[in-house]
Amino acid sequence: MPNLFSPYTLKGVTLRNRIVMSPMTMYRSTDGKMDDFHVSYLGARAAGGFGLVFPEQVAITPDGRTSTTCSGIWKDDQIEGHKRVTDTIKMFGGVAAIQLGHTGRKGSEVPKYKTIDGYPGGSQLPPDHPQGWTCRAPSAIPYGGDHSFPVHELTKDEIKDLYKSYADAALRAVDAGYEWLEMHYAHGYLGASFFSPLANQRTDEYGGSLENRTRFHLEALDAVREVWPAEYPLTMRLGADDLNPDGTQFEDAITAIGWMKEHGLDLADISLGFNTDDMRNNPMGKQAFMLSRAERLKSEVDIPIATSWNLGVPEKADEVIQSGIIDLAFLGRPALSNPHWPVWAARELGYDNPFELVPDDWRWWLENFRGHEPSIGLPAAADTALDEESAA
Ligand SMILES: Cc1cc2nc3c(=O)[nH]c(=O)nc-3n(C[C@H](O)[C@H](O)[C@H](O)COP(=O)(O)O)c2cc1C
């Protein structure tokens, strides 16, 4: 039975364990580029033992960013920064993954922790602001609240151009050294809004029926599948439930994931739709709250499954992998709070050798000085404690 620390192979890629650093937007890029910040921050997580390391949602077009300080891969001169990141992740034994996305009607935002010209963090900047733009989405329906500026409804030609942007981005991702690609179809961004009746009210072949609301996802997958190497996993994060009677329903997500599998999807990472703030029975505070949905998906579609959300307690993360419900545990905030979460979790869970996850040169020091436990924050071994007592 696999546990959190069992290797995992998907297509031609093997991860050293089942622990994934979930993509997290950092608002730290200039002109969409990754730099020293990303190299050090992501390298630290790879050195801390994460098996698969995602930087953040990486935009396929400039208007696909959350803010002008988000990263992208829509032009060649952005490849070099990504390459530095992937080289560093690999140096520390991790596999580098990219999440390609477009923020749709949730773009043109102020970074969460900043205020710009009186616009608070997380709110939208108007299209005429120097750091704002007109968001594009399936329908001209703004998200609402502090995201209420007019939205441009994508034409069919513009949708086709986005497929080309996805494919070009995937090719650049190969050059940049990524070996795993996730399409971001969740969290109220473009894919999520095509899927949700709350955001998609088109009357053409991209709106209405479930088949039509999934067309964008399948066509974008096809475009990427065409260029993305067959030996590397192609996965997606789906906003599988809006928790609202008028939004995305989980039953529809199950059907759509079955279709995506037929289009070459290798793994489904399920999350919420976030197409509305009006979520009923909001589960955000509950531990591992996506698990029941993952279990249902597993019983209906034969595809590897991953999820995130409140899996940071090691016993729980280990349990959900051992149960076989999910294949990989995505950790977001735990990776921010503890770059060595995997090593710490292995220690907490009593695995034989937690330090096999750290780089060789550190491991030597950590493994060869038994009796020096207090130096690394562990309780003193029993015999050392006795020595202390007799010395006192
Ligand atoms: C700072 C921050 C930025 C995030 N950015 C992204 C992102 O770029 N793409 C994405 O799919 N999810 C994003 N998320 C969601 C996380 O990937 C993850 O799914 C979520 O935090 C739940 O996992 P957790 O409970 O382990 O934090 C972000 C979360 C945080 C905390």
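Author: Helices (DSSP H or I, at least four residues) and strands (DSSP E, at least two) are runs numbered from the N terminus. The model is predicted: local features need pLDDT of at least 70, side-chain atom pairs count only at pLDDT 80 or more, and totals for chains, interfaces and linings use all residues. Residues are numbered from 1 along each chain as its sequence is written.

An unreviewed UniProt entry annotates residues 4-347 as "domain: NADH:flavin oxidoreductase/NADH oxidase N-terminal". Such annotations may be inferred rather than shown by experiment; positions follow the numbering used here, and feature names are shortened. Over residues 4-347 the chain is 33% helix and 14% strand, with 12 Å between the end C-alpha atoms.

Next, the ligand. The shell around the ligand holds 22 residues, and Ser-22, Met-24, Gln-57, Gly-332 and Arg-333 come nearest. Near means a C-beta atom, placed from the backbone, within 6 Å. Strand β13 (328-331) and helix α10 (333-337) each supply at least two shell residues. By class, the shell has eight nonpolar, 11 polar and three charged residues. Nonpolar covers Ala, Val, Leu, Ile, Met, Phe, Trp, Tyr, Cys and Pro; charged is Asp, Glu, Lys and Arg; the others, Gly among them, are polar.

Now the helix pairs. Helix α3 (residues 156-175) and helix α6 (residues 215-227) cross at roughly 35°, their axes coming within 8 Å. Axes are lines fitted to C-alpha atoms, for helices over the stretch in contact; angles run from 0 to 180 degrees between N-to-C directions. On α3, Ile-159, Tyr-163, Tyr-166, Ala-167, Ala-170 and Leu-171 meet Phe-216, Glu-219, Ala-220, Ala-223, Val-224, Glu-226 and Val-227 of α6. Contact requires C-beta atoms, placed from the backbone, within 7 Å. That α3-α6 contact has 11 nonpolar, no polar and two charged residues.

α6 also packs on helix α7 (residues 250-262), at about 20° with axes 10 Å apart. The angle makes α6 roughly parallel to α7, a term for angles under 35 degrees; over 145 is roughly antiparallel, 65 to 115 roughly perpendicular, the rest oblique. This α6-α7 crossing is right-handed. Here His-217, Leu-218 and Leu-221 of α6 meet Ala-256, Trp-259 and Met-260 of α7. The α6-α7 contact has five nonpolar, one polar and no charged residues.

Last, helix α1 (residues 36-47) and helix α2 (residues 79-91). Their axes come within 8 Å and cross at roughly 20°, so α1 is roughly parallel to α2. The α1-α2 crossing is right-handed.

How values were computed:
Left-handed = near helix turned anticlockwise from the far one by under 90°. Contact = placed C-beta atoms within 7 Å.
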